[in-house]
Amino acid sequence: MIAAWTTLAAAITTSLIGQILLKAGASGSVAAEAGFIDQLFRWQTIVGLGCYGGAALLYIIALRKIPMSVALPCTAASYVVIALIGWGMFGESLGMAKIAAIGLISAGVVLLATTA
């Protein structure tokens with residue numbers, strides 16, 4: 001069962017990396033001035049999409065042992081991490097409402113993970 005949880009954590013991490021790369025591919029002066037096709041073929045976008053595919057494969061493997069009703073909500077942990085990364089790396093806002101939401105999401109993920 002530990003291997004399944006490790007695989008789920010790897011799926012979440014790979015998805016996070018993909019999200020960061022997609023944001024990087026959509027950011028910057030070059031991306032802002034480029035058309036959609038140019039943005040689609042930036043290396044960050046291509047690698048980010050590959051990470052999403054890899055994350056999906058890892059998630060499928062994790063579902064062999066972890067109930068879907070637990071595994072999918074656990075992926076909400078990525079919402080917490082990505083909000084912090086968006087704030088730290090991309091200067092996105094992180095007000096009190098977002099902090100409260102992050103706390104609620106975290107509590108829910110912990111509660112679900114301990115019921116498996």
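## Overall picture

The structure is a predicted model, in which local features need pLDDT of at least 70 and side-chain atom pairs count only at pLDDT 80 or more, while totals for chains, interfaces and linings use all residues. Residues are numbered from 1 along each chain as its sequence is written, and side-chain values use heavy atoms, with hydrogens and water left out.

The secondary structure comes to seven helices and zero strands, where helices (H or I, at least four residues) and strands (E, at least two) are DSSP runs numbered from the N terminus. Read along the sequence, this gives the pattern α-α-α-α-α-α-α. Taken along the principal axes, the C-alpha atoms fill a box of roughly 50 × 35 × 15 Å.

## Surface and burial

Of the 116 residues of the chain, 26% count as buried, on a scale where buried means under 20% relative accessible area, exposed over 50%, and partly exposed in between (1.4 Å probe, protein chains only). The chain exposes about 7100 Å², of which carbon and sulfur atoms supply 74%; accessible areas come from the Shrake-Rupley method with a 1.4 Å probe, and for residues only the protein chains shown count as cover.

T7 is found in helix α1, which spans residues 2-26, and T7 counts as buried because its relative accessibility is 16%. The side chain of T7 reaches the backbone oxygen of A3 at 2.8 Å. Leaving aside neighbours within four places in sequence, T7 is in contact with L58, I61 and A62.

R64 has its place in the loop between α4 (43-62) and α5 (68-74), and R64 counts as exposed because its relative accessibility is 68%. Although R64 and A3 are 61 residues apart along the chain, their C-alpha atoms are separated by 11 Å.

## The crossing of α6 and α7

Two packed helices are described by the angle between their axes and the distance between the axes. For helix α6 (residues 77-90) and helix α7 (residues 96-115), the axes come within 8 Å and cross at roughly 145°; axes are lines fitted to C-alpha atoms, for helices over the stretch in contact, and angles run from 0 to 180 degrees between N-to-C directions.

The contact is made by A77, Y79, V80 and A83 of α6 together with I102, I105, S106 and V109 of α7.

Key
A polar contact is a pair of N or O atoms within 3.5 Å; within protein, one must be able to donate a hydrogen and the other to accept it, and residues adjacent in sequence count only if both atoms are side-chain atoms. Contact means heavy atoms within 4.5 Å.
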